[in-house]
Amino acid sequence: MNVLERSGFAAVGTRHSQARPGLVPLDVGDAAAVRATIDRVKPSVVFIAYNSAGGVDWCEDHPDETLDQHVGGARRILEAAATHRARVVFFSTDYIFDGAAGPYREDAPPSPISVYGRAKRDAEALVAAYAHGALIVRTTAVISWDRSSRNFAMTVWNVLSSGAPLRAPNDQWCNPTLAEFLAEATVRLVQEGATGIFNISGKTRMTRADLAVSLAKAMALDAALIQPMTTQALGQRAARPLQAGFDTAKLTEALGTEPLDLAASLQRLKRQWRADTYVAHGPQRAAGAAEALKAEILEKVREYHALAHTRPAFVPGRSRVNYAGRVFGPEELANLVDSSLDFWLTMGPYGELFESRMKRYFGARDFALVNSGSTANLTAVMALMSRQLDRPLVAGDEVITPAVTFPTTLAPLVHAGIIPVFVDCEVDTCNVDPALIEAAISPKTRAVMIPHTLGNPCDLDAIGDVVTRHGLLLVEDCCDALGSTFNGRMVGTFGDLATLSFFPAHHITMGEGGGVVVNAGRLSAIVKSVRDWGRDCWCAPGESNTCGKRFGWQLGELPCGYDHKYTYSNLGYNFKPTDMQAAIGVAQMDRLPAFIAARRANFRKLYEGLQQYADRLILPRLDPRADPSWFALPITVQGGVSRRALVHWLEHANIETREVFGGNILKQPGYMGIPMRQAGSLEGTDRIMRDTFFIGVYPGLTDEMIAYVLDTFAAFFASAGHAR
């Protein structure tokens with residue numbers, strides 16, 4: 001899916017037994033469901049890739065079910081695909097051979113020795129006879145870092161990381177194939193219109209026992225737990241082809257580059273592994289003097305934190321009650337120092353780990369780490385203007401947005417020549433009034449960009465209905481709202497894109513930092529391209545030929561073969577943070593559930609304590625569909641109360657306050673006279689500008705501080721001129 005979307009395809013993925021975000025459930029045994037899915041999508045290419053849930057040995061004991069799945073499933077898909085004249089790509093295996101004479105070329109006659117192999121052979125025959133263009137891809141020993149997969153790399157990880165031994169055959173030969181390379185090579189063949197049979201596998205041929213040892217070493221596991229033995233000794237239920245694997249000369253000729261060898265495959269797999277598992281502040285295996293010294297340094301860092309960062313006792317009236325601030329422990333410092341010792345100055349392993357964790361947290365198609373919430377908004381807008389989209393935003397298009405906003409939610413639109421259309425906000429939520437959005441739409445309107453102000457979710461039912469009916473793009477500014485939900489669903493997952501900030505005042509911090517949540521798969525590569533100078537190349541730092549044809553591209557009016565690492569398909573900048581910032585963020589992610597719970601609890605205590613002043617203070621309206629992860633508690637004065645007087649009273653008592661960002665942004669000196677359209681009155685916006693402020697609910701507040709805040713409000717209302 002990722003490779004297809006990165007290559008410009010609009011991809012729809014299906015799944016059967018495992019629920020995975022973004023995939024449509026489908027049983028290939030249900031002909032009506034297969035036809036309905038394909039009729040709905042109307043694909044130009046259909047990829048057929050599935051395995052039996054119980055593996056090769058299960059197939060041996062369930063021949064009828066295996067044949068129905070692999071052969072019957074292929075037949076049902078082919079029949080449905082034919083009605084749309086879609087091309088078909090079918091993934092097969094070296095199990096169609098007996099393993100007597102490998103490595104095998106594409107023209108070798110099949111000779112399967114297992115039920116699984118015979119099912120794949122018979123399915124291949126059906127696909128080969130398909131009339132609208134068929135590509136059969138044979139592969140072997142697919143490896144990747146994917147916790148939901150049963151591939152051999154994950155078997156090695158799951159078994160050895162538990163401390164158990166792993167028996168592996170030393171007489172079964174294969175070509176280890178990185179899953180990402182398999183996908184990339186397949187998509188390239190599809191783009192070039194290839195048909196027939198192609199072997200796609202890694203360059204290195206080895207036994208599965210040797211592969212297990214290589215994987216164990218790559219993932220810092222104990223390779224001594226690998227127990228090599230013969231296939232006969234293993235006693236596997238289904239027969240295996242022993243001298244298997246593939247000759248890939250045909251693939252090399254077609255693509256102009258050789259397949260990945262084992263070293264290159266493991267380098268990429270290690271990046272994925274480390275991005276999902278590495279934790280500096282946890283126990284590490286020392287490997288030599290340098291690692292032992294690092295462990296000693298990190299222990300000293302933890303000791304330093306205990307001595308240097310102990311919070312002083314709170315003294316009412318003298319200690320500052322901040323509206324926000326850093327909350328951290330020894331883990332953040334340990335990660336920071338660990339990253340500095342690695343001296344990986346640019347975004348690297350910690351950045352990849354943070355991205356992978358955020359992607360899982362949101363169940364998103366992708367997540368791009370950037371250096372601030374402001375650049376997250378800029379990245380999102382620039383991505384929607386990419387020429388790689390069929391219908392990008394262009395200067396003169398309109399985007400509906402509220403007039404109560406943060407400046408850098410608006411600035412990217414203004415700089416791009418996009419016309420912001422301002423609608424009013426609700427005083428009791430500080431959010432856009434959803435009832436006003438539809439009336440603001442014109443023929444030039446292309447998108448809605450909304451902040452969830454102070455963590456309080458907008459009415460996403462109403463907004464979602466409008467954008468769906470009018471075919472508009474939706475961008476959620478969630479910089480204040482990490483962890484908020486609406487109807488049980490995370491904010492940041494409703495829009496095509498969403499943005500986050502990791503500034504110290506926000507829910508988690510890495511000092512300076514931000515992120516873009518990608519929910520529309522087609523935007524994934526574009527967002528990261530904008531963040532990475534606008535380049536077309538998607539190689540990770542330290543890699544140079546991930547695509548396999550670095551000097552084989554022809555894009556724009558560049559000469560054929562121009563270096564892909566210096567080819568730019570988008571307007572972009574370098575918006576990446578350092579790995580040291582990401583290292584802090586990784587430790588902060590571990591605290592996020594507790595942070596969210598603390599914010600909600602602190603909000604509730606303050607909210608309940610201030611309700612007695614309901615005739616003089618407007619507190620937030622609580623939507624039963626929403627569960628905010630509050631950034632702060634907004635308060636609007638009424639009944640003759642002066643905001644200036646109340647704020648002065650609180651600040652004099654050492655209680656920090658803030659007004660709601662830009663208020664009416666159109667009144668700000670830098671935004672006066674910008675090209676824009678105003679849809680109706682901004683009466684609520686002006687009221688918020690005049691009468692609203694907020695106080696903190698961040699996790700650093702203690703019960704003693706909250707009680708002091710409530711006592712200070714009570715003293716204000718008991719003072720001359722405010723008593724009732």
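Arg-76 counts as buried, with a relative accessibility of 16%. That call follows because buried means under 20% relative accessible area. Keep in mind that what you're looking at is a predicted model.

Who does Arg-76 pair up with in a salt bridge? The partner is Asp-68, and the closest N and O atoms sit 3.3 Å apart. Asp-68 is partly exposed, at 39% relative accessible area.

## Bridges between distant parts of the chain

Next up is Asp-338, which makes a salt bridge with Lys-294; here the closest N and O atoms are 3.0 Å apart. The two residues lie 44 residues apart and link distant parts of the chain: Asp-338 belongs to helix 13 (residues 330–342) and Lys-294 to helix 12 (residues 289–308). Are these two buried or exposed? Asp-338 is buried, with a relative accessible area of 0%, and Lys-294 is buried too, at 12%.

Then there's the salt bridge between the side chains of Arg-677 and Glu-398, at 2.7 Å from N to O. Glu-398 is buried, at 6% relative accessible area, whereas Arg-677 counts as partly exposed, at 26%.

How many salt bridges does the structure hold? The count comes to 38.

Some of the charged residues join up into a network. Glu-355, Asp-366, Lys-528, Arg-531, Asp-532 and Lys-576 are all linked this way through salt bridges.

## Helix 8

Now for a helix. Helix 8 spans residues 208–218 and is mostly covered, with eight of its eleven residues buried. Which ones are they? The buried set is made up of Arg-208, Ala-209, Leu-211, Ala-212, Ser-214, Leu-215, Ala-216 and Ala-218.

A bit of helix geometry is handy when reading that list. With 3.6 residues a turn in an α-helix, residues three or four places apart point the same way.

Past the end of the helix, have a look at the backbone. Ala-220 follows helix 8 and has a positive phi, near 55 degrees.

Conventions
Residues are numbered from 1 along each chain as its sequence is written. This is a predicted model: local features need pLDDT of at least 70, side-chain atom pairs count only at pLDDT 80 or more; totals for chains, interfaces and linings use all residues. Side-chain values use heavy atoms; hydrogens and water are left out. Buried means under 20% relative accessible area, exposed over 50%, partly exposed in between (1.4 Å probe, protein chains only). Helices (H or I, at least four residues) and strands (E, at least two) are DSSP runs, numbered from the N terminus. A salt bridge is a side-chain nitrogen of Lys or Arg within 4 Å of a carboxyl oxygen of Asp or Glu.
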